[in-house]
Amino acid sequence: MSAWSPDHTEPQVSGPAVRLLDGLPDLVHAGMYVMDDNGAVLAVNARAEVMLGRTAAELVGRDAHELLHRDHLGQTMPRAACPMMHAILSGRTGGGDHEWFRRGDATLLPVSWLVTPCRLDGAATGAAVLFYESGPENGVLPAAEPSALSQLDRLALLAETTTRLTSTLDSDEAVARLVRLVVPRLADWAIVDLISESDDVWRTTVATHHDGSVVRCEELEGPLPPVHEESFMPLSRALRGAGSALAGPETYQGPPDSGIAVAQQKLFRVTGMRSAAIAPIRGPRAVLGALTLGLGDRPGAFTGAELSLLEDIARRAGLALENARLYQRQRHIAETMQRHLLPQMPEVPGLRMAARYESASESAQVGGDWYDAFSLADGSTAVAIGDVVGHNIDAAAGMAQVRNMLRAYAWALEEPPSAIVERLDQAVVHVAEASMATVIFGRVERNGDDGWALRWTNAGHPPPLLITHDGRSRFLDEEHDHLLGTGLIRARTDTLTPLPPLSTLVLYTDGLIESPGHTLDRGLARLRRHAAALVHRPLHVFCDLLLERARPVDNDDDVALLVFRMPAEGGEPGAR
């Protein structure tokens with residue numbers, strides 16, 4: 001490698017500047033790397049490869065801060081708390097001691113460092129970092145005191161806590177993220193006790209760390225006795241929202257004043273915690289539980305400063321858990337509503353039918369997709385599938401109106417499907433809360449002595465798919481009229497489609513075929529291919545596998561599926 005040297009003839013770059021020539025010096029005791037102004041490694045010397053246990057190929061092009069910089073516990077250091085980043089961003093030469101880089105084998109290298117701005121090729125600027133191994137000997141890190149966090153570290157941790165916990169609406173995931181934030185950064189142990197909406201107390205998580213990973217101690221988790229209203233023990237007070245406190249094994253050495261105190265005695269005995277800080281987890285309306293941090297292996301004890309930090313963390317956890325609970329409560333209500341809105345399939349001699357509904361993965365588990373099947377007075381079976389615009393409870397309410405009005409018109413009017421759908425269209429425009437909707441409505445009826453047929457009309461919905469017993473398939477796309485709610489006055493059409501013996505008729509909503517990354521034709525072809533391959537499967541198996549295989553993986557829409565299978569010629573369809 002060729003030499004690297006300062007060039008004082010170049011203009012200054014926010015302070016002292018050096019120029020990167022063709023390479024970096026091969027120093028005996030110091031590693032060196034050069035970054036661009038985005039923090040990506042451009043070049044390293046041979047000593048840096050040895051010290052970091054990484055080849056140049058593994059270093060060049062990577063973000064130096066994310067790859068190397070760690071705090072005293074081996075955790076990724078926030079950029080706002082990194083003194084090296086402060087020096088780089090200031091554009092001035094700076095240095096530091098008692099910092100740590102992460103080696104390729106995941107061990108920590110204690111380093112002292114010097115960083116200075118440098119000029120790269122042309123007008124580009126960057127920074128050169130010179131580092132060497134510092135004490136303690138053999139790279140053994142000193143045990144961290146619980147008060148080691150600076151004020152900047154604390155602010156960075158609180159900001160990270162807010163970001164991480166508020167980005168999920170799953171309470172179990174929020175608890176898991178909370179534990180990963182504090183163990184081992186702040187403590188050797190983290191215990192989360194939550195109060196359910198029925199006032200049961202549950203020890204949700206008892207966790208420690210091993211080789212940098214969080215480990216659950218499940219034998220200590222589970223239900224706890226009720227909160228004793230007169231107990232003065234720290235956890236009981238926290239669960240009542242009375243305040244936070246420091247505790248140790250000696251706190252629970254006397255005769256227990258409640259069942260929770262007995263559980264705490266066992267907790268300290270099994271975990272070996274010497275010092276603990278306990279704070280209530282408060283939501284906007286009630287106390288949701290308590291968060292306990294414990295020290296076991298590392299020296300020192302928690303102080304009032306750590307307790308204050310724990311209170312701030314627990315307060316943010318309370319807001320996140322309250323939001324998650326509200327979301328899950330709404331989701332349960334929506335699921336119950338959807339379950340009651342979806343109909344039971346009628347029993348029709350000689351005709352087999354099955355239906356499925358799958359909600360959008362990120363929605364409130366309720367939407368505007370629907371299906372229906374019911375027997376009419378003339379012996380035919382009314383079938384319908386539709387989609388009201390939207391994926392929320394308003395869409396579900398509009399869907400319920402449309403479905404119920406369609407049922408009423410189908411029962412009251414002895415008219416063809418097109419006339420019934422036209423009546424429904426007028427009601428959607430003038431009466432229903434649904435803005436727009438698509439629907440297929442028809443009647444499965446006898447066609448001669450042994451045959452069956454579908455008499456139907458299509459109001460802007462994806463075409464039905466018919467698969468014969470020998471695997472031939474086609475979309476019924478002969479007619480396609482305008483959707484409901486547009487206000488258009490235009491005659492609708494009826495189609496009579498024979499349904500061969502043992503054929504399978506598939507009605508579906510667009511969530512089964514649409515994908516943000518592919519065309520609609522591709523989705524239709526995918527559905528047709530999988531349906532034909534599954535046509536000999538029992539009907540319920542057919543539905544499950546069709547949803548699994550045909551639905552695009554990147555689809556985020558609801559799916560309704562309604563499937564009919566015709567009887568064999570002159571008889572019942574048997575087990576199919």
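Me: What should I know about the model before reading on?
Reply: The model is predicted, with local features needing pLDDT of at least 70 and side-chain atom pairs counting only at pLDDT 80 or more, while totals for chains, interfaces and linings use all residues. Residues are numbered from 1 along each chain as its sequence is written, and side-chain values use heavy atoms, with hydrogens and water left out.

Me: How many helices and strands are there?
Reply: The chain has 13 helices and 24 strands, taken as DSSP runs numbered from the N terminus (helices are H or I with at least four residues, strands are E with at least two).

Me: And what share is buried?
Reply: Of the 576 residues, 51% count as buried, meaning under 20% relative accessible area with a 1.4 Å probe, protein chains only.

Me: New topic: which strands form the open sheet?
Reply: Five strands do, in the order 16-17-18-19-22 with antiparallel pairing, where two strands pair if DSSP finds at least two bridges between them. Strand 16 (369-375) and strand 22 (495-499) are the edges, each pairing on one side only.

Me: How many bridges join strands 19 and 22?
Reply: Strand 19 (residues 451-459) and strand 22 pair over five bridges, and R455 has L496 of strand 22 as its bridge partner.

Me: Which residues make the contact between helix 12 and helix 13?
Reply: Helix 12 gives R526, L527, H530 and A531, and helix 13 gives F542, L546, R549 and A550, with contact meaning heavy atoms within 4.5 Å.

Terms used:
Buried < 20%, exposed > 50% of the residue type's maximum accessible area, 1.4 Å probe, protein only.
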